[in-house]
Amino acid sequence: MGKDVIIACDFASAQDVYAFLDRFGERRPFVKIGMELFYAEGPEIVRQLKARGHKIFLDVKCHDIPNTIKKTMRVLSRLDVDITNVHAAGTSRMMEAALEGLTREDGTRPLLIAVTMLTSTDQEIMEEDILIKRPLSEVVMSYAVTAKYSGLDGVVCSPPEAAAVHDVCGEEFLTVTPGVRFAESAAGDQKRIMTPAAAKEAGSDYIVVGRPITEADDPVAAYERCVREFVG
Ligand code: C5P
């Protein structure tokens, strides 16, 4: 997989996501299905979007005891998604169990990445709400190293952290980065943000972009701008 822009399709129904994607004509952007859409429409939305020719990142951010995660991943492995994820905070035992469950009998599996620290969390929130009193960048790096040694393919982190993750975990270890904003647009609830061009400089492999595209007056133009700035 090369560098690409993944559109976060944070919609509440299949109808809304089809209406949105129809605007792209023959183009088939890489899409992210998150909890809102997956809980609303179930696995069928994955099958339908795959049948339309989209690559899919199924962003379900699983976090539970290892046994439950293994069984959950076994069920998800039946879906033909390209990337899925768990929270690194679930521990190395949980991530190893996730990989075991995700791997199909023929040895194939979707890429599995770990969420490090959500891009809506900053140092202050992390210290006050989750009582982690260490520098946030250090926490992200520690989660990334644990994910790598648990056998995962990469992490979700913020664009400013991508270069350091590559330095420590290697160039092949994927960095998938939400928290992307155009220079002139509102951050919303995101805290650790960068523009698509800066994310490219920082070495992100994939940027995940939601509202700057889905809420744009012209989503196709906004998507194309992301591709121009990020992929070149
Ligand atoms: O609208 P926006 O561009 O902020 O959307 C970012 C998307 O990436 C959302 O779907 C959000 O759930 C997801 N995400 C994130 N931070 C993470 C992991 C996923 O913002 N660490």
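How many Å separate a polar side-chain atom of Asp-10 from an oxygen atom of the ligand? I looked it up: the distance is 2.7 Å.

**Ground rules.** I am working with a predicted model, where local features need pLDDT of at least 70, side-chain atom pairs count only at pLDDT 80 or more, and totals for chains, interfaces and linings use all residues. Residues are numbered from 1 along each chain as its sequence is written, and side-chain values use heavy atoms, with hydrogens and water left out.

**Ligand.** I found 17 residues around the ligand (a residue is near if one of its heavy atoms lies within 4 Å). The closest are Asp-10, Lys-32, Arg-181, Gly-210 and Arg-211. I then checked polar contacts, which are pairs of N or O atoms within 3.5 Å. Arg-181 places a polar side-chain atom 2.8 Å from a ligand oxygen atom. For Gln-190, a side-chain N or O atom is 2.9 Å from an oxygen atom of the ligand.

**Helices α1 and α3.** I took helices as DSSP runs of H or I, at least four residues, numbered from the N terminus. Axes are lines fitted to C-alpha atoms over the stretch in contact, and angles run from 0 to 180 degrees between N-to-C directions. Helix α1 (residues 14–22) packs on helix α3 (residues 43–51) at about 20°, with axes 11 Å apart. The two are therefore roughly parallel (angles under 35 degrees). Contact means heavy atoms within 4.5 Å. Ala-14, Val-17, Tyr-18 and Leu-21 of α1 touch Ile-45, Gln-48 and Leu-49 of α3. I read the classes as six nonpolar, one polar and no charged. Here Ala, Val, Leu, Ile, Met, Phe, Trp, Tyr, Cys and Pro count as nonpolar, Asp, Glu, Lys and Arg as charged, and the others, Gly among them, as polar.

**Helices α4 and α5.** The axes of α4 (residues 66–76) and α5 (residues 92–102) come within 7 Å and cross at roughly 25°. That makes α4 roughly parallel to α5. On the α4 side I noted Pro-66, Ile-69, Lys-70, Met-73 and Arg-74. The contact of α4 with α5 divides into seven nonpolar, one polar and four charged residues.

**Helices α7 and α8.** Which residues of α7 and α8 make the contact? First, the geometry: α7 (residues 136–149) and α8 (residues 162–169) pack at about 40°, with axes 10 Å apart. The contact is made by Met-141, Ala-144, Val-145 and Lys-148 of α7 and Ala-164, Val-165, Val-168 and Cys-169 of α8. I log seven nonpolar, no polar and one charged residues for this contact.

Note on methods:
A polar contact is a pair of N or O atoms within 3.5 Å; within protein, one must be able to donate a hydrogen and the other to accept it, and residues adjacent in sequence count only if both atoms are side-chain atoms. Angles under 35 degrees count as roughly parallel, over 145 as roughly antiparallel, 65 to 115 as roughly perpendicular and the rest as oblique.
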